[in-house]
Every structure is written in structure tokens, then in C-alpha cells.
Amino acid sequence: ATPNPWWANAVVYQIYPRSFQDTNGDGYGDLPGITQRLDYLADLGVDVIWLSPVYRSPQDDNGYDISDYQDIDPIFGTMDDMDELLDEAHSRGIKVVMDLVVNHTSDEHAWFQASRTTDDPHADWYWWRPARPGHEPGTPGAEPNRWGSYFGGSAWEYDPYRGEYFLHQFSKKQPDLNWENPQVRQAVYRMMNWWMDRGIDGFRMDVIVMISKLVDDQGLLPGEEGAAIQDGPVGPEGYSSPVPFCVDGPRLDEYLKEMRREVFEGRQGYLTVGEAPDLPPERSGAITDPDNRELDMLFLFTQTGIDSDGSKWNVRPFRASRLKDAMGRQQEAVAKAGWASLYFNNHDQPRVVSRWGDTSTEELRTRSAKALGLLLHMHRGTPYIYQGEELGMTNAGFTRLDQYRDLESINLYHQRVDQAHEQSPESMMDALAYMSRDNARTPMQWDATKFAGFTAPYAPEEPWLSVNPNHDKINAKSELRDQDSVLAFYRELIRLRHTNPVVAAGDFSLLDPEAEQVYSFTRSLDQAPERKSGPEARSIQEAVPCQRLLVVVNLSSKPAGLPEQTASLLGMDQVAATSMSLGVGDVDRIMISTYRPEQTVGSLLTGRLAPWEGFVYRL
Ligand code: TEU
Ligand code: CA
């Protein structure tokens, strides 16, 4: 029987269409390109693809600024191309989830244009506010409050036509929709239903936890003239953070429940995943509890914040204990009810192998890419693979600002270096090389040809963002031929989740939280737990014999001993650091390893792990 919820053992693959496959030589990936590569994805074994936005857009933020939700942007193709992609994906048993960007629209959306006239029915569809009394509108200090935008500058933009400011948490071409207005919500649900009826299988919901903003009794935002609530303290760049007032606002649950009722009730086989920056993991249990009828799962951010301090541009060293704490909190939050999504990479994060792995040699790159993949995929939840992660693709390696295209990277460089003098040019370039979103956005590396097979070598236009020169070594074509490739390993990870109910559903229990080299935990289904994950999910649990898996990963380029709790689970003698139990020598217990299973048996016998050695052991 198909498990329900079906996503309990599914693996999702994220496509960033602009960088996946160009078919017409204009340097931008497109929908026909995705359709062309579906066999590759089917062969990898993924169940779902999530497409970053392909709607009509001025492309200020690469499509996260939508000017028409019911049309396809010409750079990506046509609605016919979309329908064909849906058909071709479905015929291979692959579901298609689209991005839903409804915290904001583009300023070029018809709703926003209409909203600029105060007597238009759309006048209240965005957060319009007058200039601060006593200030000349449009001059510094006249903004309604001191909030800064995530992409630099004030979160308010003055529109001389309307004579008022509008709120934009992201770029000034991304005005925030006013969800307080029921007409806005109904228009969004109508659009969502239109797409669901067209045959898509769900939505990834962009910054969905930001749709409700905290207002006082008079409807004033924090820090506005006369407001009952103050805005937060101002940082070195002169702005205060909207996070405490815009993330997880007072009406979030109400809106999510309404959306669920208006769009998804009565539908089946779909997936909803909400993006949740700055949401405390503890809240995810309630939002994803099926009984609460909100969302299926959330992308939390605790793990992506472990190597920076305050701002993402203040980079600090990776520590395994911080990663364990971040992931552990997420796992804990949904242990009884609700569900987790698992990711290290997406289009906003640097490449994980460059970030927490080791790319100094080819050997270490493949080992560490596998180790990080194994670590992620063995947690409890639905894993997301970002295009190229399955190849062990690395950061872009850019050294000059003019190589970057991302508005966040470019704006923040100017704000922090030129305006606030907060950071030296060198340290900001280092921070960009480590953290910039463009690291994830270089074209997909299909083969070793001039533009990596992303676009034809003789294409009239070069790719919109430079291809990583290492595509001569790191590419899908060569990895498809290699049994030991990162790609082959990901295929195996996916297969394991599909075939082993413990991997899909087993309880998570962290071991040795303080250990800095080795990350280990168990997954178990031994006491069929009371869990609210839908009726059929219980049936996979009942169908399996009791099982317990031990996951151990050396997250370093040096050999590592087994930490205490891990060693004792394996029946290791701490003093002699050798195995006391015969079982440890049994190669059949190694379900997957980043080394050959025989080698991992050797490591277990001596109690010493090789660099980036990671494995799953059947206890
Ligand atoms: O991102 C929201 C978000 O908070 C981040 O991941 C953001 O990119 C990062 O914090 C900036 O430092 C979503 C999308 O994933 C992102 O691509 C969009 O730019 C953003 O929303 C606006 O739509
Ligand atoms: Ca193209």
C-alpha cells in the first residue's frame, strides 16, 4: 500500500530553472530543459521536483518577484512547456511542486500598480503608510519606522505617485502584500486552486511565516508615529530588524488554516512545505501537526545559521556540536506530532561540500560530499536535494564583485563596506566567497564541454552566471559512469529511504552531543510509537520487524576515535579501543558507507574512523 502521507518516505529534488538546462542558447535554463533531463532525475530515484519560480517576473530577485502568477516568464518558456513538463514528469511517477511567493509580489504586478491609486479597490492590498509627520516625504528619516530590508537599505520605499511609502521586507521591487485584507487572501487562494486544478502537486511556500505582521489596536506597525509598540534597536547600518514583528505574527496560524481549507481540503497526494526563516523550531511541531491542518512540513533555519554570528556575513568556524544542536532541536520539535524537512542546500545557501566539507583534494571532496549527504539523509524527515548537490558541486570561487549577480550579495557589499564601513572589502569578499547565494546558482554541471552542457558550446549567449571551471572534473556524465561517485552514493541513499521503514519513520536519538569530530545517532522503530502522522504511516510501521540503526559520521579530514556513547552501543572496549563483540565484524550489518563496507568493518574493529568515514550500522 502507498504510505500516507506519501511524503513520509519521499525524496524531493529542487530545481533552480535558470541554472538547470538551457535549450535555446540564450544563457538561461528553461522548462524544455527540465523536461529533457527528467530521465536523469527518474534514474536518480527522486519522487518530487520543486521548481523555483518560473512565473512571469521582471527577474529582480530571479523570479521571487512575480508580476503574473498565472503566466510563465518568457525566459523559461510558455504555459504549453509547463503542461508538457507536468505530463512528462507524471508519466515517470515524479510529482511537481511549484514555488509560491505570496508574502510579496513584484512592484510590476497589476495588483500593486492598481494599489498606487488611493480610490482603487486594490488601494489597501499592500502596506501603504504616510511619511513620518514633520518630515519631507521621500527624505531620510521620513520612513514610517526604522525597519531595514533583508537586501539592504530601508524596508520602506516612497512612491511619489501615491505620495506614501510601501513596505518591502525584501527588495524595493518586492512589496509586501497586506494579508489583513481578506480580498488579498481570496485572490491568493483562487490562484493556488487554479494551479492545483492544472495538475501541480503542491507548493513550497516562500517566507510563508512572514505573512502576518504584528500591529497594535489601531492597526499601526511597531515604531510608527503614535504606535503602541516600539520597533527594535538600530544596528550599525542604521536599521532595525522586522523579524520580531513579521515572523510568526499573531494571525499566522489563522491564515494557514484558512489556506488549507480553501485550497487543499478534499485534495489528495499533494505536498505543502513552508519556508520558515527565524522561526523557533519548537513552533514547527504545532504548524505541521496534521491535526492542526496547516502545513505538511517547514524549512527551518537553525542549521544554516551555525557558522555565522548575528549577520550571515560574520562568518564563524563550523563546529559539529552546533550542527547537532540545531538538527537535534528540529528533530525533537516533531518527534510526537508533525514532520521535518531535511536540507543543507538550496538556492540561497552556499554549497555544503565547500561550507562544511573539504574540497582541498578530489578524494576529500567526494568523501566529504558523501558523508554530509549520508548524515542529512539519515535523519527523520523528508530530504531535499538541491541540483548539483548529488554531484558534490562546489562553491563558485568568485574573487571579484563583478562576477556576482545576486542582488543581496551586491547590495550588502555596498551597504556594509562602502556605506557603514562595517567590514573591509577583503573580509566582505571572503564572506561572499563563503556565503553568497550565487555559490549555489552557477549552472548545473552536466558534462566537461565548454559550458558544462548547461548550454551548447556554440550558444549565442554565455550562461547568465559563470560556469564553475571545475566542471571538467565534476559533472554528471563522468559520475554516471563511476560506481564510486557522489551521484551513485545519492542514488543509494534514496533507495535506502524507499526500502527501509526505519530510515523513513524511525525515532531519532542523538548520541554524544558534545563530540566535535563524530556525529552519531540512532533511528529505531522498536516500540511502535504513538505518533500522529496519518493512518497509513502507521501501517508501514506495523509492517516492519523491529529495527534499530546506528548512524556514525566522521565530520573531519582527520582520523577519529569513536565517542563514548557510540562506542558503548557497539560494545567497544573504551580502554583497548577494540571491539568486544563479534557482531561488529559482520559486514552485512553495514547498510551503507562512504568507504567500502569491508573497510568500515576494519574501522569498527579498531575503533578508529577514517577521514569523512560515515556509515549506517544495523544494531
Ligand atoms: O528567502 C528568504 C530568506 O529569508 C532567505 O533564505 C534569504 O535568501 C536570506 O536570508 C538572505 O540572507 C526566500 C527565497 O528563498 C529567496 O530566494 C528570496 O530571495 C526571498 O525569499 C524573497 O522572496
Ligand atoms: Ca533558455
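1. A crossing of two helices is called left-handed if the near helix is turned anticlockwise from the far one by less than a right angle, and right-handed if clockwise. By this convention the crossing of α12 and α13 is right-handed. The elements named here are DSSP runs numbered from the N terminus, helices being H or I runs of at least four residues and strands being E runs of at least two. This is a predicted model, in which local features need pLDDT of at least 70 and side-chain atom pairs count only at pLDDT 80 or more, whereas totals for chains, interfaces and linings use all residues. Residues are numbered from 1 along each chain as its sequence is written, and chains are lettered from A and ligands numbered from 1 in the order in which they are written.

2. The axes of α12 and α13 come within 10 Å and cross at roughly 155°, where axes are lines fitted to C-alpha atoms, for helices over the stretch in contact, and angles run from 0 to 180 degrees between N-to-C directions. The two helices α12 and α13 are therefore roughly antiparallel; angles under 35 degrees count as roughly parallel, over 145 as roughly antiparallel, 65 to 115 as roughly perpendicular and the rest as oblique. On the α12 side S409, Y413, R416 and V417 meet P425, M428 and L432 of α13. This contact of α12 with α13 has five nonpolar, one polar and one charged residues, with Ala, Val, Leu, Ile, Met, Phe, Trp, Tyr, Cys and Pro counted as nonpolar, Asp, Glu, Lys and Arg as charged, and the others, Gly among them, as polar.

3. Which residues of helix α12 are buried? In α12, which spans residues 407-419, they are E408, S409, L412, Y413, Q415 and R416; a residue is buried if 20 or more other C-beta atoms lie within 10 Å of its own, exposed if 12 or fewer, and partly exposed in between, with C-beta atoms placed from the backbone. These buried residues of α12 pack against β13 (311-315) as well as α13 (425-435), two residues being in contact if their C-beta atoms, placed from the backbone, lie within 7 Å. Just after α12, H421 takes a positive phi of about 50°.

4. By class, the contact of α5 with α7 divides into six nonpolar, one polar and three charged residues.

5. Around ligand 1 there are 13 residues, of which the closest are D61, Y64, F170, P277 and D348; a residue is near a molecule or strand if its C-beta atom, placed from the backbone, lies within 6 Å of it. The shell around ligand 1 has six nonpolar, one polar and six charged residues.

6. Q59, in the loop between β3 (55-56) and β4 (68-72), has a phi near 65°, a positive value in a residue other than glycine, and is partly exposed, with 18 other C-beta atoms within 10 Å. D278, in the loop between β10 and α8, likewise has a positive phi of about 65° although it is not a glycine; D278 is partly exposed, with 17 other C-beta atoms within 10 Å.

7. R283 lies in the loop between β10 (271-275) and α8 (284-288) and counts as partly exposed, with 19 C-beta neighbours inside 10 Å. The C-alpha atoms of R283 and A333 are separated by 7.4 Å, although the two residues are 50 residues apart along the chain.

8. S593 is in strand β22 (residues 590-593). Why does S593 count as buried? S593 is buried because 24 other C-beta atoms lie within 10 Å. Leaving aside neighbours within four places in sequence, S593 is in contact with T600 and F615, and its C-alpha atom is separated by 5.6 Å from that of G614, 21 residues apart along the chain.

9. A610 is in the loop between β23 (608-609) and β24 (614-618) and is partly exposed, with 18 other C-beta atoms within 10 Å. Leaving aside neighbours within four places in sequence, A610 is in contact with P559, Y595 and S603.
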